[in-house]
Structure formats: C-alpha cells, structure tokens
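Dear colleague,

Please find below the structure for your review. A summary of the findings follows it.

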Amino acid sequence: MKNMKKLITITLIIVLCVVLYYRYANKEDKDSTETNANNGKLSEVEKILTKNLDEIYPTTPLEVVKFFTRIQKCYYNENHTDEVIKELAEQARKLMDDELIKHNPEGEYFDELNEEIDAYGNSKKKISNIIFDKTNDVVYSTVDGVKAASLNCTYYVQSGSKIAATTETYILRKNDAGQWKIYGWKLKEPSYFED
C-alpha cells in the first residue's frame with residue numbers, strides 16, 4: 001500500500017510536469033508565431049495582390065463578391081500609387097464576366113476608376129462596414145442555359161458624422177470553367193442617418 005501511494009504520487013508529478021512542459025512549449029510557439037506575424041504581416045493590399053486567382057479562384061458567388069469588396073475598400077479607404085491601383089483593378093477584372101469586361105475596356109476602366117477614387121477621396125468618404133447576404137440568401141437561377149446567382153451587399157459609407165447605407169445587388173454568371181464571375185450590379189437608393 002505504501003509503494004502504491006509512492007507510485008501514484010510519482011505518476012501525478014510526472015503528469016503535472018508533462019502538462020506544464022506542453023503548456024510552456026505551446027505558449028512559446030504562440031508567442032513566436034505572433035511575433036513573426038506582427039513583423040512579417042502582410043497588409044490588406046499585399047494579401048489581395050498576392051492572391052493567385054488563376055490558381056485559387058473563389059468557389060461561391062458570396063466569396064467572389066467578398067473578395068471584390070475587399071478590393072473596393074482598398075481603392076477608397078487608402079491612398080495608393082497609380083501602379084497599385086492598376087494592380088488592384090487587374091485583380092478585380094479577373095472576377096468579372098467576359099461581357100462586363102467587354103463593355104469596360106481596360107484603358108477606359110482604369111481612367112474612370114481613378115476619377116471615381118479621386119472624387120471619393122475629395123468628399124472625405126470612407127467605407128466603414130460591408131454586410132453581405134448569408135449564403136442561404138443567394139438566389140440561384142438559370143438564364144438561357146447559363147447558371148446565374150444574385151446577392152445583396154450593404155455598404156456603410158461614413159462622411160463626417162453622417163453614415164449612408166447603400167445596398168447593391170450583385171449578379172454573377174458561371175462561366176465555362178465553372179467559375180462565378182460578376183456580370184453586373186444594381187444600386188439601390190442610399191439611406192442616411194447620423195452617427
């Protein structure tokens with residue numbers, strides 16, 4: 001009985017040591033991961049520009065629209081060089097349907113985008129939040145044999161103490177490669193309220 005108590009005590013001490021060791025080791029790993037993440041953390045623009053859409057394309061209409069709106073927030077909420085804006089716009093165009101691209105030739109698209117970004121910046125507006133439809137709110141249909149989807153996205157844009165809520169309905173089509181591409185969007189009238 002005396003030996004049994006010693007064995008249980010020794011076993012408990014060993015278990016306690018192992019638990020403490022793993023807790024300490026995991027804390028050290030977590031601390032080094034956080035340090036590395038803070039030192040080598042990519043900005044939102046870098047994350048967007050380093051995403052290889054040719055290799056890893058968003059799989060659902062919601063993911064496509066979310067990535068597109070991330071690009072928009074970079075356009076309108078931050079100051080960038082013309083080169084960075086062009087690179088962001090090239091990523092955005094990879095999300096667009098061929099027909100939408102055809103109606104927005106590259107040169108014209110970049111010129112209009114730069115004008116829009118300048119006007120947005122001059123008005124001191126900022127996208128404060130974006131709310132998306134839930135996945136089960138995406139409406140799927142087939143139009144002329146082509147799969148289509150639509151979903152709503154609400155932008156909250158702050159200008160001084162006023163916030164405008166604007167809802168856009170994104171329409172997407174599935175291309176021959178099975179990728180959802182933005183075909184267009186419809187803007188609803190914004191509603192305003194004080195902050």
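The model is a predicted one. I begin with Arg70, which is partly exposed, with a relative accessible area of 30%. Arg70 forms a salt bridge with Glu44, and the closest N and O atoms are 2.6 Å apart. Because Glu44 belongs to helix 2 (residues 44-50) and Arg70 to helix 3, this pair ties together parts that are 26 residues apart in sequence. Glu44 is likewise partly exposed, at 28%.

In total, the structure holds four salt bridges. One of them joins Lys94 to Asp54, with the closest N and O atoms 3.8 Å apart. Lys94 lies in helix 4 and Asp54 in the loop between helix 2 and helix 3, so parts that are 40 residues apart in sequence are tied together. Lys94 is partly exposed at 32% relative accessibility, whereas Asp54 is exposed at 62%.

Arg173 and Asp97 also meet through their side chains in a salt bridge (2.9 Å, N to O). Asp97 is buried, with 7% relative accessibility, while Arg173 is partly exposed at 24%. Together with Glu99, these two residues are linked in a network of salt bridges.

Finally, the surface carries a patch of negative charge that includes Glu83, Glu90, Asp111 and Glu116. Helix 6 gives the most to this patch, with seven residues.

Yours sincerely

Key: Residues are numbered from 1 along each chain as its sequence is written. This is a predicted model: local features need pLDDT of at least 70, side-chain atom pairs count only at pLDDT 80 or more; totals for chains, interfaces and linings use all residues. Side-chain values use heavy atoms; hydrogens and water are left out. Patches are made of residues with over 30% relative accessible area and no salt bridge: like charges are joined within 9 Å, nonpolar side chains (Val, Leu, Ile, Met, Phe, Trp, Tyr) within 5 Å. Accessible areas come from the Shrake-Rupley method with a 1.4 Å probe; for residues, only the protein chains shown count as cover. Lys and Arg count as positive and Asp and Glu as negative; His and the chain ends are not counted. The place of a charge is taken as NZ of Lys, CZ of Arg, CG of Asp or CD of Glu. Helices (H or I, at least four residues) and strands (E, at least two) are DSSP runs, numbered from the N terminus. Buried means under 20% relative accessible area, exposed over 50%, partly exposed in between (1.4 Å probe, protein chains only).
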